Amino acid sequence: MGTKTTSVEISEPLLLDDSDKIKAVETVDDDRVPEWRDQITIRGLVVSAVLGTLFCIITHKLNLTVGIIPSLNVAAGLLGFFFVKSWTGFLAQLGFEVKPFTRQENTVIQTCVVACYGLAFSGGFGSYLVAMDEKTYKLIGEDYPGNRAEDVINPGLWWMTGFLVVVSFLGLFSLVPLRKVMVMDYKLTYPSGTATAMLINSFHTKSGAELAGKQVHCLGKYLSMSLIWSCFKWFFSGIGDSCGFDNFPSLGLALFKNTFYFDFSPTYVGCGLICPHIVNCSVLFGAIISWGFLWPLISQHAGHWYPADLGSNDFKGLYGYKVFIAIALILGDGLYNLIKIISITLKEICNKSSKQSNLPLVKEKLDGESSEVILEQKKRDEVFLKDRIPNWVAGSGYVALVAISTATMPIIFPPLKWYLVLCSYILAPALAFCNSYGTGLTDWNLTSTYGKIGLFIIASLVGSDGGVIAGLAASGVMMSIVSTAADLMQDFKTGYLTMSSAKSMFISQLVGTAMGCVIAPLTFWLFWTAFDIGSPDGPYKAPYAVIFREMAILGIEGFSELPKHCLAMCCGFFVAAVVINLLRDVTPKKVSQYIPIPMAMAVPFYIGAYFAIDMFVGTVILFIWERVNRKNSEDFSGAVASGLICGDGIWTIPSAILSIFKVNPPICMYFGPSMSS
């Protein structure tokens, strides 16, 4: 599923050489294509539920801490292969006859897992849903203009599950009739989907299965190391938020005060190994600009630009600068890329009838084996078109779901009137098409940008009487549709290249989404009951909850209550984000690859620099690894990163259970300055 990246979705284009794409399909040993019913198995669904639960926990943890979520598609494909192979191997040793594990079944599992954990992102558990709660309301300030006590809805397991059920399936039906156009006619690359298909295809060859076994062993080793280390850290974390390795002043106490320290987090180091170098460097660059220069400079004007006696989390003080400048960078980057993708989409659609096309097509190189390539292409086309999903099913399904959702949403969120919901659903397919088309071209998923636009529009239309809740709920409606639609098309591309049935892919998306509607709220509820979610001084800050609520208030109240010079700074950083993106597009690649990404720079402005240090450590490790042994790093860096992230994520479950039962760590390891002599 690309980068999930609201929380911020960050992924770089992953364009692959065409010959590699053809090779990925040609080298698969087994040419027999199972029927679509045989591609969906009980064992596959069980494995999907287990992995979906694990990945939902990981996504929640990242969502509630820093908001950067790397793509876990590769880990889903690899772990799906490992679990089913282990299952079939164990049963075979016991003498049972087992059904062969095919690449089509592997693809269905990967699709189901991605659909499941995708709802942990688009469901708003770290953004618009948490933004509605009482804690975020009080954090912004009970006397803050536009922040009303009436605009509070605390998280509840039942209403969150109902909300996901009524909004999450719409995106799946909105673009199904266009699957042939997007995948076969336009030949959109969907780079992450293509990369996942190459990975799955390679698993099901003799040489690929051997490499996959080594990758699984590597993943298991680093998962165990990460799990043991996370458990070890817990014993020293004490009570409160100032103890343990998470607050280790590794760069000195002076830098520690400005959040520059390495906190020994396997998750963030793993993210650094997965995310492109430019993303990690952009995050660190943003941390240096904000916490190294900007915030210390503004704090020197306390008492002049803002009252000096304000609390550290008061929006009328330094905290306001942190949040609103981060919002300006995010909006500048998001709007620029939105306009860019829509422009490319319209241009390519208009030029489709001409012979010249600038689309990144999957071109086939015809050589001595060209006939085999052509036959392979025809077979892929035949399989993809064989099990059709009737357009009337998609159309009637969308209309029925719209009717149910239009009637239900105002019950869950009273300020969001039925006609606003209906208008959103009328516009949603067009926006879903733009997002899916753009993802296919560039691998950039702009889900959160579409959500923020919907938030602003609905909040301003409703006004002060309920505009905050209405805007946040509308943001959720928009994000759910455009996110699931883009994921579906990405998975159709993966299925096309692995010769999986379009019908089995669609059904696995439906099943995965149904799983996510239950698993995502349940796993979030584990975090909600065990940890202090939303505390600005704790590990689970839920940074985008504050940002989303502030955006809704801005849509109603405007900019009159910002601290002194804050609006001018916001305008400056907004323009800077646009200019930086423009430079990235107009300069040669050898130059643009070193220009930072504004969206990534914005994240540490509000959260802090500590995770940027961790991610930079990950990218330095990967950089050195690539220089020493590039082939080895390409084969195993994803497995190492996935192991680090999954191990830390697994420890979240026992630590949450211990917290629920009020079992506290026995030791508080604290660092402070030595006594003066």
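Predicted model: local features only at pLDDT ≥ 70, side-chain atom pairs only at ≥ 80, totals over all residues.
Residues are numbered from 1 along each chain as its sequence is written, and side-chain values use heavy atoms, without hydrogens and water. Local features need pLDDT of at least 70, side-chain atom pairs count only at pLDDT 80 or more, and totals for chains, interfaces and linings use all residues.

**Helix 13**

Helices here are DSSP runs of H or I with at least four residues, numbered from the N terminus. The axis of helix 13 comes within 8 Å of that of helix 27 (residues 630–660), crossing at roughly 155°; axes are lines fitted to C-alpha atoms over the stretch in contact, with angles from 0 to 180 degrees between N-to-C directions. The two helices are therefore roughly antiparallel, the term for angles over 145 degrees. Residues of helix 13 that meet helix 27 include P266, V269 and L273, and the helix 27 side includes V640 and L644.

Contact means heavy atoms within 4.5 Å.

| Residue | Loop | Contacts beyond four places in sequence |
|---|---|---|
| D263 | between helix 12 (253–257) and helix 13 | K233, F245, D246, Y268, Y610, D614 |
| Y540 | between helix 21 (502–530) and helix 22 (543–557) | K61, L64, T65, F527, F531, D532, I533, G534, S535, T652 |

D263 is buried without a salt bridge, and the nearest side chain of opposite charge, K233, is 6.0 Å away. A salt bridge needs a side-chain nitrogen of Lys or Arg within 4 Å of a carboxyl oxygen of Asp or Glu. Lys and Arg count as positive and Asp and Glu as negative, leaving out His and the chain ends. Y540 counts as buried because its relative accessibility is 8%. Its C-alpha atom is 8.4 Å from that of V66, 474 residues apart along the chain.

Definitions and conventions
Buried < 20%, exposed > 50% of the residue type's maximum accessible area, 1.4 Å probe, protein only. Parallel < 35°, antiparallel > 145°, perpendicular 65-115°, else oblique.
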